[in-house]
Every structure is written in structure tokens, then in C-alpha cells.
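Please read this report alongside the sequence and the model.

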Amino acid sequence: MTEHAHHGHPHESAPTTARGVPVGALRPGDHACLDVPDAQAHWQVLTAYTRAGLTRGEKVMVVLDPADVGDDDALARLDAGTGQAEAARRSGQLEIVRNTAVYVPDGRFSRERQFRLYSAELERTRAEGRTGLRVGADMAWGKRAGVSDAQLLDYEAFMEPLFVDPRLTAMCWYSRHQYADHLVAAMRTVHPLQVMTHLDALEVTRTDDASPLRYSLDLTDLCYMEAHTAWQLVRFARDLPDGDTLDVRCGPILEAVFRGLGSDDVRQLRLRTETEGA
């Protein structure tokens, strides 16, 4: 669990910071960014993202960098022996393409061309009878093509009207090996959502700068948690200094788990139960 300090967009006085969500919480119509920490975590998140789209009957475009693994290796990672990704690629439901061919096919970048390209892909998806279009894109092409940070931020904001169509879902990932920290942080101001970097990640944030400190943890998207993990959260709250609090939002199932582990006896832990549809 980590404490996150949010950094604003340098050109805005009061930016909105992307809300952190697990990859499984993404829904049709979502536009999210992903801060890539390492290759293993990245492929785990991308695999979960891809499988969710295939299961929902969506067309899935996995847009990799040319320097990433080859198509066959990528397919093997996404499939993991299940046969789902392999069958989807044979049927055309899954496409593995390279970002240079998608974003800079002639060595030149145009945001208007990209808007038209994804609009056309959406229409093609509908004609094929798919439930939607799901895109996962490595954005390292920008650095290779000499596109400035300001142009990338402008492009991401320019594409936002596409997501009025609830059939489109996109996850754009920016690697800290390619881009400076300030750009990765700024991407959280032009994407409504930020995908958590690990499948088992939890995001704990300070809700204010006052003392005593108050932390908040939103678990409303989770319907299951191992008892050991829940106990770690209870212990984390118990070890907070007097006056500090951990506010946890969760559903009734997780609430029962926490209370069964003695959360009522931990004064620093405050549970808030959210019922579905509330």
C-alpha cells in the first residue's frame, strides 16, 4: 500500500486527477492510462484487459511497440495456454499490430487522422457484429517519432469525444523508461481513469494535508479478498498513530470479512458499506 501525491497538469490551475481502478473494473466507454513499472506486471495487466474484452465479445486491438516481443510471443503470453486468444486471432476478433504502423504510418503524426482511424474501426466493429472495440496501446511511438509532450497531451484530450460512444474502451500505456515522470503524471489529468499497475494493487490515498492524517481506500469494485490481505489492512489501520484514520469503502461481502477479523475493535478503521447501485 502506498501513499500517492497527485501532481497537477502544468497548464491547468485545478486539474482533475484520474481515478485509480483495477483493470477488471474498466467498462465500455472508459478511457484510461497505465503507468508501466515493469514488463511482468505490464503483461499481466494487458492479458487481463484483453481476456475481458474477448469474453464480452468485443473486437480487441493490442498495439505493441516494434521493440516489444514478436507477434507469436505476444499471442502466447495473452493466451497462456487457454486457447481463447489464439481462437480470437484466427477469427479476427483479436488483432496484434505495431504502434508505428497505427500512429505514424508515413513517419508523420496527425491527431485528426487518428480520430478518423478509430472512428472507422468502431464502424467496422459494428459491421462485424462485435459488442464493442477495445484498444490497448503502447504510446512509446511518440518518443520515436519526435512528438512533443504537449502534442501527446493534446492528442489524448482531442480523442476524448470518441468515448461518447459506449462501445469504445481504451487503455494507453506510458513507460517511465520512455517518458519523464512529469509527462506520466500529466497523463492522469487528460485520462478520466488510471489503471492500477499490478493485478493485486490497492491504492490508498491521503484525503487531506491536515494532521491527524486521514487515508481512504475504495474497494467497491472488489467482490472477493483473501482473508490474509484483509487482515493486513486491518493491521495497517491498527498500527496508525492515534488520531489517524483509514476509511474503507466496500460492499457488504467484504464488510463481513473485515468485521469477522475484528475491525470493530480497531478505532482507526472506519468502514463504509456501499450497496450495488447506490
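The sections below go from the whole chain to single residues.

## Overall make-up

The model is predicted. Its chain has 278 residues, and buried residues make up 45% of them. The secondary structure consists of 10 helices and 11 strands.

Among contacts with a separation of 6 or more, 76% are between residues 24 or more positions apart.

## Nonpolar cores

The largest nonpolar core holds 30 residues, and those touching the most other members are Tyr103, Tyr118, Val135, Met139, Trp141, Leu152 and Tyr174. Two or more residues come from each of these elements: strands S3 (59-64), S5 (133-138) and S6 (168-175), and helices H4 (99-103), H5 (111-127), H7 (149-158) and H8 (181-186). S6 contributes the most, with four residues. In general, nonpolar side chains in soluble globular proteins tend to be buried together.

Which residues does Tyr118 touch, leaving out those up to four places away in sequence? They are Val102, Tyr103, Leu133, Val135, Tyr155, Met159 and Leu162.

## Packing of H2 and H3

Two packed helices are described by the angle between their axes and the distance between the axes. For helix H2 (residues 71-79) and helix H3 (residues 84-91), the angle is about 130° and the axes are 7 Å apart. H2 is therefore oblique to H3.

On the H2 side, the contact is made by Asp71, Asp72, Leu75, Leu78 and Asp79; on the H3 side, by Gln84, Ala85, Glu86 and Arg89. By class, this contact has five charged, three nonpolar and one polar residue. The loop between H2 and H3 contains Ala80. Ala80 is a residue other than glycine with a positive phi, near 50°.

## Cysteines

How many disulfides does a search of the whole structure find? The search finds zero. Cys33 is in no disulfide, and the nearest cysteine sulfur to its own belongs to Cys172, 7.9 Å away.

Ala18 lies in the segment before strand S1 (19-21). Is Ala18 buried or exposed? Its relative accessibility is 7%, so Ala18 counts as buried. Apart from residues up to four places away in sequence, Ala18 touches Arg188, His191, Pro192, Leu193 and Gln194. One of these, Pro192, is 174 residues from Ala18 along the chain, yet the two C-alpha atoms are separated by 4.7 Å.

Leu54 belongs to helix H1 (residues 39-55). With a relative accessible area of 7%, Leu54 is buried. Beyond its neighbours within four places in sequence, Leu54 is in contact with Val60, Gln84, Ala85, Ala88, Gln93 and Leu94. Among these contacts, Gln84 and Ala85 also take part in the contact of H3 with H2. The C-alpha atoms of Leu54 and Gly132 are separated by 10.0 Å, and these residues are 78 apart along the chain.

Methods:
Residues are numbered from 1 along each chain as its sequence is written. This is a predicted model: local features need pLDDT of at least 70, side-chain atom pairs count only at pLDDT 80 or more; totals for chains, interfaces and linings use all residues. Side-chain values use heavy atoms; hydrogens and water are left out. Axes are lines fitted to C-alpha atoms, for helices over the stretch in contact, and angles run from 0 to 180 degrees between N-to-C directions. Angles under 35 degrees count as roughly parallel, over 145 as roughly antiparallel, 65 to 115 as roughly perpendicular and the rest as oblique. Contact means heavy atoms within 4.5 Å. Ala, Val, Leu, Ile, Met, Phe, Trp, Tyr, Cys and Pro count as nonpolar, Asp, Glu, Lys and Arg as charged, and the others, Gly among them, as polar. A disulfide is a pair of cysteine sulfur atoms within 2.5 Å. A nonpolar core is a set of buried Ala, Val, Leu, Ile, Met, Phe, Trp, Tyr and Cys residues joined through side-chain atoms within 4.5 Å. Buried means under 20% relative accessible area, exposed over 50%, partly exposed in between (1.4 Å probe, protein chains only).
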